[in-house]
Amino acid sequence: MMGLTEGVFLIVCGTEFTLGILVNGFIGLVNGRSWFKTKRMSLSDFIIATLALSRIILLCIILTDSFLIVFSVNEHDSGIIMQIIDVFWTFTNHLSIWFATCLGVLYCLKIASFSHPTFLWLKWRVSRVMVWMLVGALLLSCGSIASLINEFKLYSVLRGIEATGNVTEHFRKKRNEYYLIHVLGTLWYLPPLIVSLACYFLLIFSLGRHTRQMLQNSTSSRDPSTEAHKRAIRIILSFFFLFLLYFLAFLIASFGHFLPKTKMVKMIGEVMTMFYPAGHSFIVIVGNSKLKQTFVEMLRCESGHLKPGSKGPIFS
């Protein structure tokens with residue numbers, strides 16, 4: 001029978017799920033409507049739309065996982081259903097993180113200003129760079145699944161040995177190998193984190209350089225370039241901190257069976273995990289002129305004070 005803790009857990013997860021679906025669905029609808037009208041979609045709109053789609057799928061997977069924790073904890077810890085969920089979660093999770101990283105790289109290349117030949121080469125070929133990054137994101141996501149399947153095979157061997165009751169030195173070695181592979185699997189998250197951090201520092205340096213030039217020329221520091229720098233920094237920095245929180249929550253959810261009170265630890269991890277797909281997408285809306293303008297107009301329409309007029313996205 002479901003207790004009070006499980007009920008509160010499902011209510012919180014359901015609330016986060018609903019907010020996440022609304023925020024990411026809004027992004028998908030706005031960009032989809034724009035594409036339907038013009039038959040064109042900018043690179044930034046495409047990345048944002050695919051990011052929103054991946055997060056909608058991710059939220060559905062996490063919600064399914066949450067129900068399994070409450071109603072079928074044994075099935076959650078093992079079994080073919082859990083393996084299928086893990087595969088889809090891992091693939092969609094990596095895609096979502098890489099799409100957010102690609103968005104940060106795009107903002108950095110479009111806004112930051114450096115005279116280094118390598119940066120200029122990347123800046124002039126930004127469309128090609130982004131295409132290769134998206135292809136690389138897909139390949140790396142598939143690679144993470146291959147690593148996970150290898151982990152499943154090793155786990156199956158361990159369960160078979162454990163069922164016989166023959167806990168030998170070979171079993172201990174296999175168990176340590178499984179733990180090592182499980183820990184190394186988290187290293188797949190380091191590349192996007194490092195790339196996002198590099199973009200953040202590049203934008204900081206570019207903003208500082210640009211601000212000094214404005215002061216030397218006695219120009220207002222609130223020019224469009226400065227505002228674009230600040231907006232991109234906010235988006236990338238928010239992704240960085242939210243991703244750290246998400247990574248911590250993912251570790252809690254993944255390594256919950258190593259800790260006491262496993263079910264409670266997993267529920268805490270799930271609640272923290274669901275916050276990221278909705279929270280960062282809302283920040284993307286605030287940082288994108290077209291999405292923000294549409295959102296404001298929608299609110300005005302709801303309150304009966306709609307005013308015509310809209311602006312295009314600043315990152316197009």
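Helices here are DSSP runs of class H or I with at least four residues, numbered from the N terminus. On that basis the predicted model contains 11 helices and zero strands, and its pattern along the sequence reads α-α-α-α-α-α-α-α-α-α-α. Of the 316 residues in the protein, 43% are buried. The accessible surface amounts to about 16800 Å², with carbon and sulfur atoms accounting for 69% of that area. Among contacts between residues at least 6 apart in sequence, 76% link residues at least 24 apart.

The largest nonpolar core comprises 67 residues. Within this core, the residues with the most contacts are Met130, Leu203, Phe243, Tyr276 and Leu291. At least two core residues are supplied by each of helix 1 (4-38), helix 2 (43-71), helix 4 (80-111), helix 6 (126-164), helix 8 (190-216), helix 9 (224-254) and helix 10 (262-287). Helix 4 provides the largest share, 16 residues. For leucine 291, one of the residues with the most contacts inside the core, the partners beyond four places in sequence are Phe26, Ile27, Val30, Ile48, Val284 and Ile285.

The second largest pocket has a volume of about 200 Å³. Its lining consists of Val105, Cys108, Leu109, Phe119, Leu122, Val129, Met133, Val195, Ala198, Cys199 and Leu202. By class, this lining has 11 nonpolar residues, with no polar and no charged ones. Helix 4, helix 5 (117-124), helix 6 and helix 8 each contribute at least two residues to the lining of this pocket. The largest share, four residues, comes from helix 8.

One cavity of 30 Å³ or more is present in the structure. The volume of the largest cavity is about 30 Å³, and the residues lining this cavity are Ala100, Leu103, Gly104, Ser196, Ile235, Ile236, Phe239 and His280. Five of the lining residues are nonpolar and three are polar, while no charged residues occur. Helix 4 and helix 9 each supply at least two residues of the cavity lining.

Key
Residues numbered from 1 in each chain as written. Predicted model: local features only at pLDDT ≥ 70, side-chain atom pairs only at ≥ 80, totals over all residues. Heavy atoms only, no water. Core = buried A, V, L, I, M, F, W, Y, C linked by side-chain atoms within 4.5 Å. Buried < 20%, exposed > 50% of the residue type's maximum accessible area, 1.4 Å probe, protein only. Contact = heavy atoms within 4.5 Å. Areas by Shrake-Rupley, 256 points an atom, 1.4 Å probe, with all protein chains shown as cover. 1 Å grid on protein atoms, 1.4 Å probe; cavity = no way out; pocket = protein on both sides within 12 Å on 5 of 7 lines; lining within 4 Å. Points joined across faces, edges and corners; volume = space filled by probe spheres on them. Nonpolar A, V, L, I, M, F, W, Y, C, P; charged D, E, K, R; others polar.
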